Amino acid sequence: MDTTVKPWPALWSLVIGFFMILIDTTIVSVANPAIMEGLATDINAVIWVTSAYLLAYAVPLLITGRLGDRFGPKNIYLTGLVVFTAASAWCGLSTSIGMLIVARAVQGLGAALMAPQTLSVITRIFPPERRGAAMGLWGSVAGIAMLVGPVAGGLLVDGLGWEWIFFINVPVGIAGFILAAIYVPKLKTHSHRFDIPGVILSAVGMFLLVFGIQEGETYDWGTIVGPISVWSLIIAGIVVLALFVVWQAVQKRSEPLLPLALFRDRNFSLANTAISLVGFTVTCMSLPLVFYFQIVRGFTPTQSALMLVPMAVIAGGLAPVVGRALNRVDPRPIAVLALIFLAAGLAWYALLLHADTPVWMLLLPSALLGLANAGMWAPISNTATRNLAPKDAGAGSGVFNTTRQIGSVLGSASIAVLIQARLSAELPGMGEFSGSEASSGQSLPAQLQDGFSTAMAQSLIMPAIVALVAAVVVFFFARRKAATGWSAPQAAGGAPTGAVPATAGEAPAAAAPVRVENATER
């Protein structure tokens, strides 16, 4: 039976779920003080609420991209959405920090099933020369979610309690499931042999590396238990990840999780490096700002979140414009300038974080970060996927999402270590502080505010430097060439579809419908 599929409604249906899983990487940051107080825990434990999510999200991405190729991106996406939504309810019902961390890990697994499918579907239903507007939407959602998360989190924490940053996902998840079931097409599938040793090596390596980095300050960078030390875990993680890469290069019996041939394309390699650095930077920057706003300035979660409104408004307004422009202009200068703005905005914040800085001045770097987010996500993601062949869409999107999340995981672990180290240096005895010191609306005693502000300012220097490195990486993007080997997207039965989507200059609502014949999974 013939089914008419409109590409833009399909994309918007996926965007709902993609926005939800990304917003959960940042929405917790503004709720951290409330969670610390409500569950009677400390900063290192509450950081694991984010790290557990990011780690469970990052590790399976290579295989979940391939699962989409094998069983259909629609089926895997819907499965992940069910897992994510159920785990969100579990998070909200958690009564201990341990339970919350476990629930967040399950939530991250659901996100891992969903994320690669969104980019894979875009890559397969929009040909390269008309992918700019679609990729602009995808990229802007990634950026805006990072910014809206703290705003939404502040409103929910103040109005209903920290549990509701998770409960809100339940109705959104149900609505997203219904829309995706209706509008997302069933695409052609491919048989794959899954690389189980690769899965084990990547998971073990990532866990050892991230656990070692995050827990380093807790154990004073020394012994954890018996012969196991912090540095032995970090080194072991690096060695295991190196073995994973070697295994991907030499194994023949099954398809590699990490198709190294994809990295022969210069822009794919550089874009993956850049997006990992961007993920690192964006994850790092929110925590010091939120702690400064709430603990030094005494802002409520809502008030601290509103300090980021200029960033969200500017990014939301300009990102679609940037996406449409990508069909006509080279993405490299846009991305380079945006990443320079990102570094400058963070450095500006670092200069302004004092106990007596006028509030209006703190809105200025927020606006500059809005320009940065509007211009960096879509150009990088569009460059990464432009040269992918249709058969590599799932693998390529899995790799791209994995590198972004690896950056985010390492950023989350690194900023926890840095904050603790700078607090220990500036305010001896406060390297570990509890939720009672972070109560909403109650700032630190005056004699401690300058030291705390300095520690948060110093913590922002690291992501600023990483953003500059990302700008250098993007500068070496090769000029894009006309894509070859693409036609209309393939239906599940293998028959070519009819009309292609609207160009970036056309309104999405006017996009021509795509005819998909025999749209059943093989």
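This is a predicted model: local features need pLDDT of at least 70, side-chain atom pairs count only at pLDDT 80 or more; totals for chains, interfaces and linings use all residues.
Colleague: Fine. What lines the largest pocket, by class?

Modeller: A pocket is an open set of points on a 1 Å grid over the protein atoms alone, with protein on both sides within 12 Å along at least five of seven lines; a cavity is a set where a 1.4 Å probe fits but cannot get out, and lining residues have an atom within 4 Å of a point. Here the lining of the largest pocket divides into 11 nonpolar, six polar and no charged residues. Of its 17 lining residues, Phe244, Leu258, Thr402, Thr403 and Ile406 are the closest to the centre.

Colleague: Which helix supplies the largest share of that lining?

Modeller: Helices are DSSP runs (H or I, at least four residues), numbered from the N terminus. H17 (393-426) supplies the largest share, four residues. H10 (196-215), H11 (230-250) and H12 (266-296) each give at least two as well.

Colleague: And how many cavities are there?

Modeller: Four of 30 Å³ or more. The largest has about 110 Å³, and its lining includes Thr25, Asn32, Thr283 and Ser412. H12 gives the most to that lining, three residues. By class, the lining has three nonpolar, eight polar and no charged residues.

Colleague: Which residues of H9 are buried?

Modeller: Buried means under 20% relative accessible area (1.4 Å probe, protein chains only). In H9 those are Asn169, Gly173, Gly176 and Ala180. They sit on the same side of H9 because they cover an arc of only 65 degrees around the axis, taken from the directions from the axis to the C-beta atoms. Their cover includes H1 (7-23), H5 (73-93), H6 (97-125) and H8 (164-167).

Colleague: Where is Val151 found, and what does Val151 touch?

Modeller: Val151 is in H7 (residues 132-159) and is buried at 16%. For contact, look for heavy atoms within 4.5 Å. Not counting residues up to four places away in sequence, Val151 touches Ala305 and Val309. Ser304 is 153 residues from Val151 in sequence, yet 8.0 Å away in space, C-alpha to C-alpha.

Note on methods
Residues are numbered from 1 along each chain as its sequence is written. Side-chain values use heavy atoms; hydrogens and water are left out. Ala, Val, Leu, Ile, Met, Phe, Trp, Tyr, Cys and Pro count as nonpolar, Asp, Glu, Lys and Arg as charged, and the others, Gly among them, as polar. Grid points are joined across faces, edges and corners, and a volume is the space filled by probe spheres set on the points. Buried means under 20% relative accessible area, exposed over 50%, partly exposed in between (1.4 Å probe, protein chains only).
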